[in-house]
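Biologist: Hello! I am new to reading protein models, and I would like to learn one feature at a time. Could you guide me through this one?

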Amino acid sequence: MVFLLIVLCVLPELVLQGADWGLWASTRLRSLTYQNGAFWSGLLQGWRPNYAVQPYSMFVTYAFLHAGFGHLVVNMITLFTLGGSISASLGSWRFLLVYVAAVLGGALGFGLFGTTIQPMVGASGGLFGLAGAWIVIDVSATLAERSGLKTLAFAILWPITLLILLNVVMYWSTGGQLAWETHLGGFFAGCLATFLLARPSTPERLP
């Protein structure tokens, strides 16, 4: 399942890269693809869509488009690493449900809290959802070994602090061009989906 998601992300970017280099289609292909497949908050505020279902389909299609090869590579490495661990713990179909929930949650977060009129693309909503899944599973395993309020607080706070710092660094390095709203929405959706779908009777600590 992880491999399939990676393929579905890599193929569009390869096609767009080829068009960018003038190997096929038109150099306008990336712009046209973003116009029709990226997440546009304005479509939730009365903008006219390019096609009837665009205000709904963009909640999913944005996650399979990226803003260039570097963006794609970083996200795919993260998807391969986190996705493999989560899939092994939850099983393929539960993993997929968590990922889809995180993608939708990321789009919802951007739609609710985003202030830019620029389009949003990338798998990071799903990836932060997987990070949330990792925390839920790890906390469950930790509490199964040793209970206590301090144990619970530490198990939750240290990874969340790390994710916050990561977002701060990314926000600074991108000059503020970071869809942190997508990360936030995806994270909470991934946590909730994992909490509902995980098998609490047999928690497994992730590596």
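**Reading a helical protein, step by step**

Modeller: Let us begin with two residues: Phe39 and Phe110 are both buried. Please keep in mind that this is a predicted model. We will come back to this pair after a look at the whole chain.

Biologist: How many helices and strands are there in the protein?

Modeller: The protein has eight helices and zero strands. Read from the N terminus, the order of elements is α-α-α-α-α-α-α-α.

Biologist: How much of the protein is buried?

Modeller: Burial is judged from relative accessible area, and a residue counts as buried under 20%. Of the 207 residues, 44% count as buried. The accessible surface comes to about 11300 Å², and 72% of this surface belongs to carbon and sulfur atoms.

Biologist: What about contacts along the chain and charges?

Modeller: Take the contacts in the protein with a separation of 6 or more: 75% of them are accounted for by residues 24 or more positions apart. As for charges, there are 8 positive and 6 negative ones, and their mean positions are 5 Å apart.

Biologist: Now the rings, please. How many aromatic pairs are there?

Modeller: Rings count as a pair if their centres lie within 6.5 Å, and by this rule there are six aromatic pairs. One of them joins Phe39 and Tyr62: the pair is edge-to-face, with 6.2 Å from centre to centre and 80° between the planes. Phe39 sits in the loop between helix 2 (29-37) and helix 3 (54-61), while Tyr62 sits in the loop between helix 3 and helix 4 (69-90), so this pair links distant parts of the chain, 23 residues apart.

Biologist: Why do Phe39 and Tyr62 count as buried?

Modeller: Phe39 counts as buried because its relative accessibility is 0%. Tyr62 counts as buried because its relative accessibility is 0%.

Biologist: And how do Phe39 and Phe110 pair?

Modeller: Phe39 and Phe110 also form an edge-to-face pair, at 5.8 Å centre to centre and with 85° between the planes. Phe39 is in the loop between helix 2 and helix 3 and Phe110 is in helix 5 (residues 92-113), so the pair ties together parts that are 71 residues apart in sequence. The rings of Phe39, Phe59, Tyr62 and Phe110 form one aromatic cluster.

Biologist: Which residues does Gly111 touch?

Modeller: Here we leave out residues up to four places away in sequence. Gly111 then touches Phe39, Ser41 and Leu44. Gly111 lies in helix 5 and counts as buried because its relative accessibility is 17%. The C-alpha atoms of Gly111 and Ser41 are separated by 5.2 Å, although these residues are 70 residues apart along the chain.

Biologist: Where is Thr182, and what does Thr182 touch?

Modeller: Thr182 is in helix 8 (residues 180-197). With a relative accessible area of 0%, Thr182 is buried. Not counting residues up to four places away in sequence, Thr182 touches Tyr62, Gly106, Phe110, Met120 and Gly125. Tyr62 and Phe110 also belong to the aromatic cluster.

Biologist: Is Glu13 buried or exposed?

Modeller: Glu13 counts as buried, because its relative accessibility is 1%. Glu13 is found in helix 1. Leaving aside neighbours within four places in sequence, Glu13 is in contact with Arg30, His66, Gly68, Phe69 and Leu72.

Biologist: What about Gly18?

Modeller: Gly18 is in helix 1 and is buried, with a relative accessible area of 1%. Leaving aside neighbours within four places in sequence, Gly18 is in contact with Leu23 and Trp24.

Terms used. Residues numbered from 1 in each chain as written. Predicted model: local features only at pLDDT ≥ 70, side-chain atom pairs only at ≥ 80, totals over all residues. Heavy atoms only, no water. Helix = DSSP H or I, 4+ residues; strand = E, 2+ residues; numbered from the N terminus. Buried < 20%, exposed > 50% of the residue type's maximum accessible area, 1.4 Å probe, protein only. Contact = heavy atoms within 4.5 Å. Areas by Shrake-Rupley, 256 points an atom, 1.4 Å probe, with all protein chains shown as cover. Lys, Arg positive; Asp, Glu negative; His and termini not counted. Charge placed at Lys NZ, Arg CZ, Asp CG, Glu CD. Phe/Tyr/Trp six-rings, centres within 6.5 Å; stacked < 30°, edge-to-face > 60°.
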